[in-house]
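I opened the notebook to record a few look-ups in this structure. The entries follow in the order I made them.

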Amino acid sequence: MPHPIVVTVICDGHRPDFVSDETTPHMARLRRAGTWFANHRGIFPSATRASSASIATGSWPRSHGLRGNTVALPVVDGHEVHDAGKPAFYDTYRDHFGRLLARRSLAERVAPLNGAVLCSNVSPGAAFFHDSYGHGTLLHRELSYAPGRQPLKETIDAPPGSIGDALLTDRFLAELASNPPSIATLWLSEPDKTMHAFPLGSPEHLLALRAVDDHVGAVGEAVERLRDNGHDVLLLIGSDHGHESVTETVPVERRLFEAGFKSSLESSEIAVAPQGSSAFIHFGGSALSRRAEVASWLGEQPWAGRIISGEDLAELGQIPGDDLLAVDMAKSSGSNSNGVPGLTAMAVRFSEQEDATRRDRGMHGGLGAYETQPTLIAVGRGFEAGASYTRTSRIIDIAPMALAHLELPLDELDGTALQKWP
């Protein structure tokens, strides 16, 4: 029986200034068919795992609880840094907090209707935290399951990159054709994977964009078939964050040790959780009294931009605390060698070797104008064709827009539904 459906395609890391008839013709066509969000913004940090949770819950990190791509959890006299993208982290996170995400996902909200399907080709963590309690169906190379986390027999052999994206797009189209759910989400690893490996605006980047655009075009055609069959479909095409080009890579925790703030390089009293072009610096034990001194020292470093006290993080939608600092790595004016604007330093913990492999490549995670500007196009009921929404929209508005389309309650949300009803 026909029913309302929300179909979302996330092109990981895609910048809106690369949407054009020449570069992404299918997206450009859909932009004219729907509403373009000209001032769309992500979260801080502008990183995929916490952004996935924010898109799925319509909430800031301070509400859903996942701080970033890496997370520092307390241990005796300090903190231990964990990669939120790895499956081993999920039980650690649950054991520490006594829960997973603190806000309901779209998958949980539509479980009583026609359910949710997520085809994801990004990290396991980004896929997992999109539906942390497993209310929907997830198709991923490491985490495939039916509702209730019932393991699926099929193996999803989809490596990150263009080959895996193509395979998962075909699988997504099959799901739409056979048993359309209320919420259907395709999360592609490109162009993010290529932008991390090659300069923005390079031939490799543009080729990855064209492949992504072809997938978007195929989903757009599938949506038209669903509409022909009587389904009321809202199509959302977007990304989770943008990208900037790396000017230098800084081993922040090593620099703190060299400056005398850590007793040893491996000690836990000060721990840095890098987020790409930003970082959280956590203090424990006796190091807590040195937080103000570290903030002052950071302010003197050319690679450090804005320094944010933990108590002030709530203003950015982030989880506040009196035992940490956040540093947005220094931004530079100008463009990269391909004329693409947006330049940033990058944070790592210890490695002195990453500069050679990261310089001039794409990065995100900070507060730069381009890394915090993702893409969003909405095509369907409530969104005028050819319109441009110039007020600020946020990735936390995607879930409310989906719920409004499905006529479900708009409760426990930080975002806002942006439809214009007749």
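How do the residues of the lining of the largest pocket divide into nonpolar, polar and charged? I counted nine nonpolar, 10 polar and eight charged. Here Ala, Val, Leu, Ile, Met, Phe, Trp, Tyr, Cys and Pro count as nonpolar, Asp, Glu, Lys and Arg as charged, and the others, Gly among them, as polar.

Note on the source: this is a predicted model, in which local features need pLDDT of at least 70 and side-chain atom pairs count only at pLDDT 80 or more, while totals for chains, interfaces and linings use all residues. Residues are numbered from 1 along each chain as its sequence is written, and side-chain values use heavy atoms, with hydrogens and water left out.

Entry on the largest pocket. I noted about 690 Å³ of space in the largest pocket. It is lined by 27 residues, and R49, N69, D83, H196 and R358 are the closest to its centre. A pocket is an open set of points on a 1 Å grid over the protein atoms alone, where a 1.4 Å probe fits, with protein on both sides within 12 Å along at least five of seven lines; lining residues have an atom within 4 Å of a point. Grid points are joined across faces, edges and corners, and the volume is the space filled by probe spheres set on the points. I found that α2 (48–57), β5 (78–83), α8 (192–197) and β18 (341–348) each supply at least two lining residues. Helices (H or I, at least four residues) and strands (E, at least two) are DSSP runs, numbered from the N terminus.

Entry on the second largest pocket. I noted about 240 Å³ of space there. Of its 17 lining residues, R67, A72, L73, F97 and I319 are the closest to the centre. β4 gives the most to this lining, with four residues. By class, I have nine nonpolar, five polar and three charged residues.

Entry on the open sheet. I read the order of its four strands as β17-β18-β12-β19, with mixed pairing (two strands pair if DSSP finds at least two bridges between them). The edge strands are β17 (331–335) and β19 (362–363).
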